[in-house]
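My entries follow in the order I looked things up.

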Amino acid sequence: MMMDSGENTSDDNKGSGGGVGSLMEYVMMRKSSPPPFLMKTYMLVEDPATDGVISWNSEGTGFVVWQPAEFARDLLPTLFKHSNFSSFVRQLNTYGFRKAATSRWEFCNDMFRKGERDLLCEIRRRKAWANKPQSAPPPQSLPKESDEDQSPSSTSSSSGYSSLMDENKRLKRENGVLSTELSSMRRKCKELLDLVAMYATASSEREEEEEEDSDDERPKLFGVRLEVEGGRDRKRKRSSAEMNGNAARLLLSQSCQ
């Protein structure tokens with residue numbers, strides 16, 4: 001009877017030891033598998049078919065979302081069941097990604113590298129309550145790894161807002177410079193056309209005077225030509241030529257506007 005009791009005790013110890021071993025194996029397996037969000041993101045970056053929208057940077061130390069609108073509309077719904085680019089950026093921030101450039105959507109993480117998928121297991125999610133006082137009650141349950149709609153990150157949101165504001169200011173400055181250049185070019189164009197019209201009018205008047213002098217057969221008295229019949233007709237012709245010159249100058253100035 002004593003031997004039977006010993007054998008039962010030994011079997012119980014083996015059973016309990018096996019249960020602890022299975023639990024440890026499960027924990028180790030969970031630690032060795034990267035979060036689903038990181039795996040999905042890595043798949044998108046690695047896929048050569050989407051290089052026009054999202055791809056690795058030239059060093060392979062981060063990735064760039066080249067077309068945020070197309071990325072949110074066409075690629076996010078296929079793996080993340082939403083089309084919110086801001087939510088995607090917030091998720092990256094919770095895993096320690098940082099924005100590496102202000103002129104484009106480039107994100108980097110020391111453990112997110114081209115050709116080194118095994119490093120994804122080293123990336124850990126930041127705890128939203130890590131910096132809160134110890135007296136605060138802990139949350140009832142941890143947020144799921146696959147949940148894409150997380151609480152907004154003020155750091156990521158402010159970074160995106162600052163980038164948009166900087167871009168808006170740059171466009172306003174460029175618009176002001178272009179407006180100034182356009183006004184200057186219009187003014188120069190008007191001055192040039194006025195000069196051309198003035199030159200054309202003066203040239204026409206000079207030619208008419210030369211023709212009148214050559215054709216004028218009126219007698220002179222002390223160097224002054226005497227009025228004879230036909231003089232009034234020549235004056236009317238000269239007045240008509242001046243009116244035509246003024247009309248040409250007006251048309252040229254209107255075409256410059």
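**Entry 1: the sheet**

I began with β2 and strand β4 (residues 105-108), which run antiparallel and are joined by four bridges. I count two strands as paired if DSSP finds at least two bridges between them. Helices (H or I, at least four residues) and strands (E, at least two) are DSSP runs, numbered from the N terminus.

Before going further I noted the ground rules. This is a predicted model, so I read local features only at pLDDT of at least 70 and side-chain atom pairs only at pLDDT 80 or more, while totals for chains, interfaces and linings use all residues. Residues are numbered from 1 along each chain as its sequence is written, and side-chain values use heavy atoms, with hydrogens and water left out.

I then looked up which residues face each other across β2 and β4. V64 stands opposite E106 in β4. V65 stands opposite W105 in β4.

On its other pairing, β2 runs antiparallel to β1, with three bridges between them. I found V65 in β2 as the bridge partner of I54. β1 and β2 form a hairpin with five residues between them. In that turn, G60 has a positive phi of about 75 degrees.

Next came β3 and β4, which pair in the antiparallel sense over two bridges. K99 has F107 in β4 as its bridge partner, and R98 stands opposite C108 in β4. Here too a hairpin makes the link, and β3 reaches β4 through five residues.

What is the order of the four strands in the open sheet? I read it as β1-β2-β4-β3, with antiparallel pairing. β1 and β3 (98-99) stand at the edges with a single partner strand each, so one side of each is left without a neighbour in the sheet.

**Entry 2: the faces of β2**

Are the faces of β2 covered or open? Both are covered. G62 and V64 on one side are buried, and so are F63 and V65 on the other. I use buried for under 20% relative accessible area, exposed for over 50%, and partly exposed in between (1.4 Å probe, protein chains only). In a regular strand the side chains alternate between the two faces of the sheet.

I also checked α2. This helix lies across β1 and β2 and runs at about 85 degrees to β1. Axes are lines fitted to C-alpha atoms, for helices over the stretch in contact, and angles run from 0 to 180 degrees between N-to-C directions.

**Entry 3: helix α3**

Where does α3 bend? The bend is at D74, by about 35 degrees, and a proline, P77, follows within four residues. The bend is the angle between axes fitted to the seven residues ending there and the seven starting there.

F71, A72, L75, L76 and F80 are buried in α3. The buried residues of this helix pack against α2 (36-46), β1 (54-56), β2 (62-65) and α4 (85-94). Contact means heavy atoms within 4.5 Å.

K81 sits in the loop between α3 and α4. K81 is not a glycine, but its phi is positive, about 60 degrees. K81 is exposed, at 80% relative accessible area.

**Entry 4: S163**

I looked up S163 in helix α5 (residues 154-215). S163 is buried, with a relative accessible area of 16%. Leaving aside neighbours within four places in sequence, S163 is in contact with K99 and T102. From S163 to A101 I read 62 residues in sequence and 9.7 Å in space, C-alpha to C-alpha.

**Entry 5: cysteines and totals**

How many disulfides does the structure hold? I found zero, taking a disulfide as a pair of cysteine sulfur atoms within 2.5 Å. C121 is buried at 14% relative accessible area, whereas C189 is partly exposed at 34%.

The chain has six helices and six strands. Buried residues make up 25% of its 257 residues. Of contacts between residues at least 6 apart in sequence, 54% join residues at least 24 apart.
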